[in-house]
Amino acid sequence: VPASKQIQANGGIVSCIGIGSDPSQVDEPRLKSAASVLDGTQQYFFVRDLNLLTQTMTMLAANTRQN
């Protein structure tokens, strides 16, 4: 989390992705704390399968190109 805050302080965006069959399998509070907030939307995502991971990564890459 300290590293993510430093990245954000330097103008970077931190997106966090939790991966598993259930959100209880990851440390969601920590991931959410590390994630940036852009336009009121926290950049934390939880995915349950490879298809959703691919979609999420594609969306993040598209958003990065727009900024």
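Asp39 sits in the loop between E2 and strand E3, which covers residues 41-42. The model is a predicted one. Asp39 is exposed, with a relative accessible area of 83%. Its phi angle is near 50 degrees, a positive value in a residue that is not glycine.

Taken along the principal axes, the C-alpha atoms fill a box of roughly 35 × 25 × 20 Å. Of the 67 residues in the protein chain, 24% are buried. Among contacts between residues at least 6 apart in sequence, 51% join residues at least 24 apart.

Strand E1 spans residues 16-19, and strand E4 spans residues 44-47. The two strands run parallel and are joined by 4 bridges. Within this pairing, Gly18 has Phe46 of E4 as its bridge partner, and Ile19 stands opposite Val47 in E4.

The two strands can also be described by their faces. In a regular strand the side chains alternate between the two faces of the sheet. In E1, Cys16 and Gly18 make up the covered face, while Ile17 and Ile19 make up the uncovered one. In E4, Tyr44 and Phe46 point one way, Phe45 and Val47 point the other way, and all of them are buried.

Ile19 belongs to strand E1 and is exposed, with a relative accessible area of 53%. The C-alpha atoms of Ile19 and Val47 are separated by 5.1 Å, although the two residues are 28 residues apart along the chain. Leaving aside neighbours within four places in sequence, Ile19 is in contact with Val26, Phe46, Val47 and Leu53.

Helix H3, residues 50-66, contains Leu52. Not counting residues up to four places away in sequence, Leu52 touches Phe46 and Val47. Between Leu52 and Ile19 there are 9.9 Å in space, C-alpha to C-alpha, and the two are 33 residues apart in sequence.

The buried nonpolar residues come next. The largest nonpolar core has 6 residues: Val14, Cys16, Ala34, Ala35, Tyr44 and Phe46. Two of its members, Tyr44 and Phe46, are the residues that point one way from E4, and Cys16 is on the covered face of E1. Ala34 touches Val14 and Cys16, and its other contacts beyond four places in sequence are Val1, Ser4 and Gln8.

Ser36 is buried, with a relative accessible area of 3%. A polar atom of the Ser36 side chain lies 2.7 Å from the backbone nitrogen of Val14. Beyond its neighbours within four places in sequence, Ser36 is in contact with Gln8, Gly12, Ile13, Val14, Thr41, Gln42 and Gln43.

Helix H2, residues 28-34, includes Glu28. Glu28 is buried yet has no salt bridge. The nearest side chain of opposite charge is Lys32, 4.3 Å away, and a salt bridge requires the charged atoms to be within 4 Å. Apart from neighbours within four places in sequence, Glu28 is in contact with Pro23, Tyr44 and Phe46. Of these, Tyr44 and Phe46 also belong to the largest nonpolar core.

The last stop is the loop between E1 and H2, where Asp22 is placed. Asp22 counts as partly exposed, at 33% relative accessibility. Its side chain makes a polar contact with the side chain of Ser24, at 2.5 Å. Asp22 and Arg48 are 26 residues apart in sequence, and their C-alpha atoms are 7.1 Å apart in space.

How values were computed. Residues are numbered from 1 along each chain as its sequence is written. This is a predicted model: local features need pLDDT of at least 70, side-chain atom pairs count only at pLDDT 80 or more; totals for chains, interfaces and linings use all residues. Side-chain values use heavy atoms; hydrogens and water are left out. Buried means under 20% relative accessible area, exposed over 50%, partly exposed in between (1.4 Å probe, protein chains only). Lys and Arg count as positive and Asp and Glu as negative; His and the chain ends are not counted. Contact means heavy atoms within 4.5 Å. Two strands pair if DSSP finds at least two bridges between them. A nonpolar core is a set of buried Ala, Val, Leu, Ile, Met, Phe, Trp, Tyr and Cys residues joined through side-chain atoms within 4.5 Å. A polar contact is a pair of N or O atoms within 3.5 Å; within protein, one must be able to donate a hydrogen and the other to accept it, and residues adjacent in sequence count only if both atoms are side-chain atoms.
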